[in-house]
Amino acid sequence: MGPDPNFLIPPDLIQALDRSRHAVVMTGSGTSAESGIPTFRNAQTGLWAKYRPEDLATPEAFERDPQLVWEWYAWRRELVGAAEPNPGHIAIAELNDLLPHLTLITQNVDGLHQRAGSPRVIEFHGNLMRSRCTAGHPADEIDKIDNTGETPPRCRQCGAMLRPDVVWFGEAIPAVALATALKAVEDCDILLAIGTSAVVQPAAGLAMQAKQHGALLVEVNPEPTPLTRDVDFVLTGSSGRIMPELVNALRSRQDHA
Ligand code: BV8
């Protein structure tokens with residue numbers, strides 16, 4: 001799907017990006033929708049249709065039924081394993097070559113930004129392709145886990161149950177991810193919020209924190225969100241279509257500079 005000539009990215013946005021000293025991209029599950037991974041809101045199909053994600057992605061749910069929660073994540077890992085990065089992920093990775101300083105913060109737990117080539121990804125909500133021991137031993141890539149036949153599997157070091165290395169509702173954002181993200185949003189001069197419903201906190205607050213520190217706000221989303229009214233550039237559409245457009249426009253401005 002080549003660039004769509006009649007979709008114009010506002011030239012003053014391209015100019016602002018090209019002049020940026022530090023840009024932040026913040027993504028939500030909308031950026032993975034075109035990779036076939038349903039967004040968190042409508043994630044539930046088939047067997048999982050009867051559960052609400054907010055009810056499963058909690059410590060209480062894991063406490064109550066660790067096997068069910070582990071199996072939900074195993075199902076989601078399969079979806080992620082079968083998915084490929086889409087043109088939106090790839091365009092975001094290409095931005096690294098066009099901008100002097102880019103910080104990528106993702107709420108997604110699917111690792112697709114890394115697979116698309118983004119060099120540094122702040123995983124604000126963790127990554128479901130890693131698991132960690134409930135007694136605190138470090139996370140391991142999922143394929144390094146001895147499948148002891150139990151569900152959830154047990155930690156090799158101490159025998160405690162493993163859990164997905166993600167941030168559940170009610171859990172704190174990993175300290176390094178939070179501190180790095182806050183520092184970036186306070187320093188950046190432009191923040192692009194891509195494919196996020198801007199509902200989940202504290203991720204949703206990052207865009208306004210950037211604005212309060214003088215950054216321009218850009219939103220890429222087919223739908224309006226609670227952020228839209230405070231955004232300087234609203235690009236209505238899918239990230240897989242808009243982001244390649246934006247990168248092409250920035251690249252051609254730089255080529256003709
Ligand atoms: C915390 C990992 C405190 C797990 C996720 C009231 C009651 C209870 C809690 C709260 C409350 N009010 C606030 C809270 C806190 C809570 C919260 O915000 N709740 C919400 C529901 C109100 N937050 C927390 O609990 C956070 N922790 O507060 O801890 C604390 C502090 C100190 C010490 C101890 C404790 C932790 C939140 C992290 C939760 N984990 N994910 C997992 O994935 O299993 S959040 C999960 O949902 C996703 O990561 C995502 O971030 C979030 C939202 O999901 P979606 O809506 O699907 O995705 P997204 O927002 O990205 O929306 C999709 C968007 O894409 C839409 O706008 C759509 O239009 C757009 N789109 C669709 N297609 C495309 C597209 N855009 C572009 N292109 C397309 N093709």
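Select helix H6, residues 87-98, together with helix H10, residues 239-255: the two pack with their axes 7 Å apart, at an angle of about 25 degrees. Angles under 35 degrees count as roughly parallel, so H6 is roughly parallel to H10. The crossing of H6 past H10 is left-handed. Keep in mind that you are viewing a predicted model.

Now show the side chains in this contact. From H6, pick Pro87, Gly88, Ala91, Ile92, Glu94, Leu95 and Leu98. From H10, pick Ser239, Gly240, Met243, Pro244, Leu246, Val247, Leu250, Arg251 and Gln254. Color them by type: the contact of H6 with H10 has 10 nonpolar, 4 polar and 2 charged residues.

**Next stop: H1 against H10**

The axes of H1 and H10 come within 10 Å and cross at roughly 70 degrees. Angles of 65 to 115 degrees count as roughly perpendicular, so that describes H1 relative to H10. This crossing of H1 and H10 is right-handed.

On the H1 side, select Leu13, Ile14, Gln15, Leu17 and Asp18. On the H10 side, select Leu246, Ala249, Leu250, Arg253 and Gln254. The residues of this contact of H1 with H10 divide into 6 nonpolar, 2 polar and 2 charged. Leu246, Leu250 and Gln254 of H10 also take part in the contact with H6.

**Next stop: H8 and H9**

Select helix H8, residues 175-187, and helix H9, residues 205-212. Their axes cross at roughly 35 degrees and come within 7 Å. Here Ala181, Leu182 and Val185 of H8 meet Leu206, Gln209 and Ala210 of H9. In the contact of H8 with H9, 5 residues are nonpolar, 1 is polar and none is charged.

**Next stop: the ligand**

Center on the ligand. Which residues are the closest to it? They are Ser29, Phe40, Tyr73, Gly170 and Ser197, out of 30 residues that surround the ligand.

Start with arginine 76: a polar atom of its side chain lies 2.7 Å from an oxygen atom of the ligand. Go on to glutamine 107, where an N or O atom of the side chain is 2.8 Å from an oxygen atom of the ligand. Finish with valine 167. Here a backbone N or O atom lies 2.8 Å from a nitrogen atom of the ligand.

**Last stop: backbone geometry**

Most peptide bonds are trans, and most residues other than glycine have a negative phi.

Select threonine 151 and proline 152. The peptide bond between them is cis, with omega near -5 degrees. Proline 152 sits in the loop between strand E5 (140-141) and strand E6 (162-166).

Move to glutamine 201 and proline 202. They are joined by a cis peptide bond with omega of about 0 degrees. Proline 202 is in the loop between strand E7 (190-194) and H9.

Where does alanine 198 lie? Alanine 198 is also in the loop between E7 and H9. Its phi is near 50 degrees, a positive value in a residue other than glycine.

Notes:
Residues numbered from 1 in each chain as written. Predicted model: local features only at pLDDT ≥ 70, side-chain atom pairs only at ≥ 80, totals over all residues. Heavy atoms only, no water. Axes fitted to C-alpha atoms, helices over the stretch in contact; angles between N-to-C directions. Helix = DSSP H or I, 4+ residues; strand = E, 2+ residues; numbered from the N terminus. Parallel < 35°, antiparallel > 145°, perpendicular 65-115°, else oblique. Left-handed = near helix turned anticlockwise from the far one by under 90°. Contact = heavy atoms within 4.5 Å. Nonpolar A, V, L, I, M, F, W, Y, C, P; charged D, E, K, R; others polar. Near = heavy atom within 4 Å. Polar contact = N/O pair within 3.5 Å; in protein donor to acceptor, adjacent residues only side chain to side chain.
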